[in-house]
Amino acid sequence: MEELFFLSEDEVLYIQEKFSTPIFVYDRETMKKSANEVLSFPNAFGLTARFAMKALPTRKILQLFNSWGLHIDASSGWEVERALLAGIPPSHIQLTAQEIPKNLKELIDKGVLFNACSLSQLRTYGEMFPGTEVSVRINPGLGSGSSNRTNVGGPSSSFGIWYEYLDKVYEIANKLNLKITGLHTHIGSGSDPDIWVHCAHLALETACKMPEVTRLSLGGGYKVARMPDEKTANLQEIGKRILPDFLRFAEKFGRKLHLEIEPGTYLVARAGTLICSVIDVVNTGPRGYRFIKIDSGMTENVRPAMYGALHPLIVVPRNKKNSHKIDRFIVSGHCCESGDIFTPKRGDPEGLEPRELFEPQIGDALVVEGCGAYCASQSCKNYNSFPECGEILRLAPFEYEWIRKPQTLEQIIQNEI
Ligand SMILES: *Cc1c(COP(=O)(O)O)cnc(C)c1O
């Protein structure tokens with residue numbers, strides 16, 4: 001059976017009672033710990049760590065990571081502006097985006113850093129700011145996402161400039177007098193240190209063909225275990241394995257490369273919990289399934305429906321006397337959508353795989369663990385006109401503050417004419 005990460009059962013019931021469900025609870029201590037781990041990533045010649053804010057962009061979260069010394073990786077112009085509004089210094093924000101914002105010039109003038117992700121982006125930037133420094137995102141030809149939907153490198157991914165087009169990069173750079181000082185790769189390398197080492201080698205091979213590069217970003221994608229049998233990337237081990245390559249590179253090419261990493265998942269995945277309430281328990285007869293329905297679903301966490309992602313599920317009974325019977329249940333969300341389930345089959349997002357859970361009563365709490373990354377930020381917001389739920393920050397056991405209030409119906413329809 002799966003277990004709670006940082007809350008006790010009593011705390012779950014206290015939050016369910018005091019705040020309405022569904023609600024996200026983020027643990028400051030867990031985030032602080034992962035921030036420290038990221039900031040102590042072994043490096044030869046200095047490190048800048050960025051929080052990939054698309055994982056969890058709430059203002060207070062950005063401010064916390066900023067106060068602990070992390071910079072920001074933004075995936076759109078809107079994210080850049082959101083970070084600026086949260087008080088993040090422009091020079092601590094780097095934009096790595098599929099779509100160039102319409103106000104790119106204004107953002108760069110403020111001091112935001114730009115990472116060109118395609119040849120046309122490089123040209124657009126260069127025409128706006130000839131004679132300046134810039135970094136480029138290269139697709140090194142290798143990918144390692146956990147599904148074809150999360151794969152961000154290799155020939156099936158459009159992210160970054162294909163590594164064989166370096167000559168085209170320099171054609172543009174020379175014409176517009178750009179100095180390419182940053183090389184960026186992000187292929188989502190998972191937890192296997194061997195793959196990270198391989199990925200660093202590919203990046204360094206590219207860096208040796210780019211004589212003015214002084215900073216090298218290995219991106220994010222450090223895997224975090226959510227389910228009991230999954231493995232978390234060991235940052236110390238990965239960093240220590242890569243470090244000697246940076247030393248050798250410096251010896252050979254006389255360039256001390258500054259290392260950058262930009263995790264999203266690693267910093268927040270285990271720091272967020274979604275607390276829901278059981279709203280119904282139904283079944284489809286002796287040859288069918290038993291279902292637990294909850295007051296949440298793809299409106300808060302679309303990962304199971306979109307990627308077949310698995311999250312620990314824990315029933316917390318309000319009356320402890322009722323907690324003994326275990327059965328296998330499908331956990332289904334509150335949307336009118338058959339794909340809105342939290343128990344997809346492992347490795348087969350279309351399938352169903354009942355989970356062993358305590359048999360709940362209506363009104364009991366059901367906790368979805370590992371909901372810090374890509375849940376609040378990536379949900380099917382307002383589908384079925386469910387308002388976006390609230391988020392609280394846990395400062396200590398039984399001590400919380402609101403960081404995002406629940407949305408109202410009025411806010412859902414406010415722009416309608
Ligand atoms: C999403 C993203 C990240 C973070 O990825 P995680 O898997 O959450 O660590 C880092 N860099 C870039 C460019 C990204 O798009």
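Please keep in mind that the model is predicted.

Let's start at the ligand. There are 14 residues around it, and the ones that come nearest are K54, G221, E262, T265 and Y374. What kinds of residues make up this shell? The shell divides into 3 nonpolar, 7 polar and 4 charged residues.

Now for some individual contacts. If you find the side chain of K54, you will see one of its N or O atoms 2.8 Å from an oxygen atom of the ligand. Then look at D73: an N or O atom in its side chain is 3.5 Å from a nitrogen atom of the ligand. And how much of the ligand does the protein bury? Taken alone, the ligand exposes 380 Å², and the protein buries 88% of that.

Let's move on to a pair of helices. Two packed helices are described by the angle between their axes and the distance between the axes. Our pair is helix 6, residues 119-128, and helix 7, residues 166-175. Their axes come within 10 Å and cross at roughly 10°. Angles under 35 degrees count as roughly parallel, so helix 6 and helix 7 are roughly parallel to each other.

Which residues meet there? From helix 6 we have L119, L122 and R123, and from helix 7 we have K168, V169 and I172. By class, that contact has 4 nonpolar residues, 2 charged ones and no polar ones.

I'll finish with two spots in the backbone. As background, most residues other than glycine have a negative phi, and most peptide bonds are trans.

The peptide bond joining T21 and P22 is cis, with omega at about -5°. To find P22, go to the loop between helix 1 (9-18) and strand 1 (23-27).

The other spot is N177, which is not a glycine and yet has a positive phi of about 60°.

How values were computed
Residues are numbered from 1 along each chain as its sequence is written. This is a predicted model: local features need pLDDT of at least 70, side-chain atom pairs count only at pLDDT 80 or more; totals for chains, interfaces and linings use all residues. Side-chain values use heavy atoms; hydrogens and water are left out. A residue is near a molecule or strand if one of its heavy atoms lies within 4 Å of it. A polar contact is a pair of N or O atoms within 3.5 Å; within protein, one must be able to donate a hydrogen and the other to accept it, and residues adjacent in sequence count only if both atoms are side-chain atoms. Accessible areas come from the Shrake-Rupley method with a 1.4 Å probe; for residues, only the protein chains shown count as cover. Ala, Val, Leu, Ile, Met, Phe, Trp, Tyr, Cys and Pro count as nonpolar, Asp, Glu, Lys and Arg as charged, and the others, Gly among them, as polar. Axes are lines fitted to C-alpha atoms, for helices over the stretch in contact, and angles run from 0 to 180 degrees between N-to-C directions. Helices (H or I, at least four residues) and strands (E, at least two) are DSSP runs, numbered from the N terminus. Angles under 35 degrees count as roughly parallel, over 145 as roughly antiparallel, 65 to 115 as roughly perpendicular and the rest as oblique. Contact means heavy atoms within 4.5 Å.
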